[in-house]
Amino acid sequence: MSDALSQPTASNNSLHSDECGTLAAPAAFLNVSEDTTDPGGANQHDTPLLQLVNVTKRFGGLAAVNDLSFSLQKGEILGVIGPNGAGKSTMVNLIGGSMAPTSGTIFYQGHDVTRLPPNRRAHLGIVRTFQVTQPFMGLDVRENVMVGAFFGQQGLNRTKALRVADEVLERVNLAHKATFKGDQLTIADRKRLEMARALATNPQLLLLDEVMAGLTATEVAQAVELIKQINITGVTILIIEHIVRAIASVSDRILVLHHGRKIAEDEPSQVLSDPKVIEAYLGERYAKKRIQEDISLYSLTVEDPEQSGEDR
Ligand code: ADP
Ligand code: MG
């Protein structure tokens with residue numbers, strides 16, 4: 001595919017798991033700012049932070065992610081949308097490392113991380129949130145965030161982890177509930193906790209899987225602001241969201257998945273008025289009507305994937 005760009009050779013750049021769990025990455029990988037060359041001669045600064053090349057994930061006969069290629073530059077916010085079952089969460093699982101692709105390669109800072117386990121990816125700065133929030137119910141909010149800090153940042157002692165947790169809880173507006181247990185939290189609070197846990201790992205690439213689902217309009221607006229702030233601090237973000245208005249307002253580019261395949265990738269206004277995308281969301285019958293009436297998806301509120309999926 002045209003956007004597959006120049007592919008680093010996996011043999012030169014692979015990161016290998018080892019028995020003791022220490023990082024077997026080339027030194028240049030851990031500090032790219034000091035190494036401005038790569039084996040292909042291109043400047044490292046042009047190397048995408050993340051690059052998927054022809055990635056496929058099959059579950060039996062179903063290709064949940066199908067020959068997907070795209071790249072993400074450092075500092076970008078990439079929105080990913082698509083109807084229910086399009087393969088968005090599977091894609092996050094593949095990038096985060098909780099699933100391995102059936103075929104294809106995932107590069108991070110130019111190095112092959114396709115087979116690297118999630119904890120090793122977290123140490124490299126790749127961190128995800130879960131669509132279904134999974135707080136440790138026996139722990140309070142602060143302790144949950146400390147788990148994130150320990151998980152993502154190597155060698156953090158308890159005092160530092162506590163400080164990180166408190167800072168992050170302030171940022172996500174959850175400090176006043178630091179001693180609440182997981183089961184005492186509202187949906188919005190659980191989403192904030194999910195963000196806080198991810199932030200406590202000190203991510204470079206943050207994968208957000210539907211962190212706004214179930215939130216009120218005000219809470220969505222707060223979440224959008226928070227994501228923008230996180231991005232300003234230098235964190236690259238891949239965000240999956242059904243709330244089109246929200247994702248359009250926060251993303252530099254939007255990629256659309258449908259039946260595991262990329263059907264569009266462009267700036268938000270282009271993507272959301274693309275007939276292919278409207279049809280994927282609303283079904284052919286409604287899409288024709290919408291196009292005739294010259295209404296783009298941008299002006300719709302596709303907040304409920306179940307409802308918008310009725311015509312599929
Ligand atoms: P999305 O997040 O876009 O709603 P998913 O990535 O969750 O989509 O799912 C894509 C497809 O893969 C769906 O058909 C789903 O049923 C299937 N799928 C996801 N995870 C698994 C799994 N672990 N085993 C089998 N099928 C799965
Ligand atoms: Mg999903």
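pLDDT is the predictor's confidence in each residue, on a scale from 0 to 100. I start there because what you see above is a predicted model: local features need pLDDT of at least 70, side-chain atom pairs count only at pLDDT 80 or more, and totals for chains, interfaces and linings use all residues. Residues are numbered from 1 along each chain as its sequence is written, while chains are lettered from A and ligands numbered from 1 in the order in which they are written.

The mean pLDDT of the protein is 80, and 76% of its residues reach 70 or more. Over residues 1-43 the value is below 50, and this stretch has 56 contacts in the model beyond near neighbours in sequence. A contact here means two residues whose C-beta atoms, placed from the backbone, lie within 7 Å. Residues 301-312 also stay under 50 in pLDDT, and for them the model has 22 contacts beyond four places in sequence. Where pLDDT is low, the predicted coordinates should not be read in detail.

Now the sheets. Helices (H or I, at least four residues) and strands (E, at least two) are DSSP runs, numbered from the N terminus, and two strands pair if DSSP finds at least two bridges between them.

One open sheet has 4 strands in the order E2-E1-E4-E5, with antiparallel pairing. E2 and E5 are its edges; each has a single partner strand, so one side of each is left without a neighbour in the sheet. Helix H3 packs on this sheet and touches E1, E2 and E4, its direction making about 60° with that of E2. For angles, axes are lines fitted to C-alpha atoms, for helices over the stretch in contact, and the angle between N-to-C directions runs from 0 to 180 degrees.

Within that sheet, E1 (residues 50-59) and E4 (residues 103-108) pair over 5 bridges in the antiparallel sense. Leu50 has Tyr108 in E4 as its bridge partner, and Tyr108 in turn has His111 in E5. E4 and E5 (residues 111-112) pair over 2 bridges. Their hairpin has 2 residues between the strands, and Gln109 takes a positive phi near 50°.

Next, the ligand. Which residues surround ligand 1? They are Phe59, Leu62, Ala64, Gly82, Asn84, Gly85, Ala86, Gly87, Lys88, Ser89 and Thr90, where a residue counts as near if its C-beta atom, placed from the backbone, lies within 6 Å of the molecule. E2 (62-72) and H3 (88-96) each supply at least two residues of this shell, and the largest share, 3 residues, comes from H3. By class, the shell has 4 nonpolar, 6 polar and 1 charged residues. In that count Ala, Val, Leu, Ile, Met, Phe, Trp, Tyr, Cys and Pro are nonpolar, Asp, Glu, Lys and Arg are charged, and the others, Gly among them, are polar.

A second open sheet has 6 strands, ordered E6-E7-E8-E3-E9-E10, with mixed pairing. E6 (126-128) and E10 (261-266) stand at the edges with a single partner strand each, so one side of each lacks a neighbour in the sheet. Direction ignored, neighbouring strands of this sheet are turned by 15° against each other on average. E9 (residues 253-258) pairs with E10 in the antiparallel sense over 5 bridges. Leu255 has Glu265 in E10 as its bridge partner, and Val256 stands opposite Ala264. The two strands form a hairpin with 2 residues between them, and His259 in the turn has a positive phi of about 50°.

Last, the helix packing. H5 (residues 141-152) and H6 (residues 158-171) pack at an angle of about 115°, with their axes 8 Å apart. Their contact divides into 11 nonpolar, no polar and 1 charged residues. Among the residues that meet there are Val145 and Phe150 in H5, and Leu162 and Val168 in H6.

H5 also meets H7 (residues 187-200): their axes come within 7 Å and cross at roughly 35°. That contact has 8 nonpolar, 3 polar and 1 charged residues. Val141, Val145 and Ala149 are among the H5 residues in it, and Leu193 and Arg197 are among those from H7.
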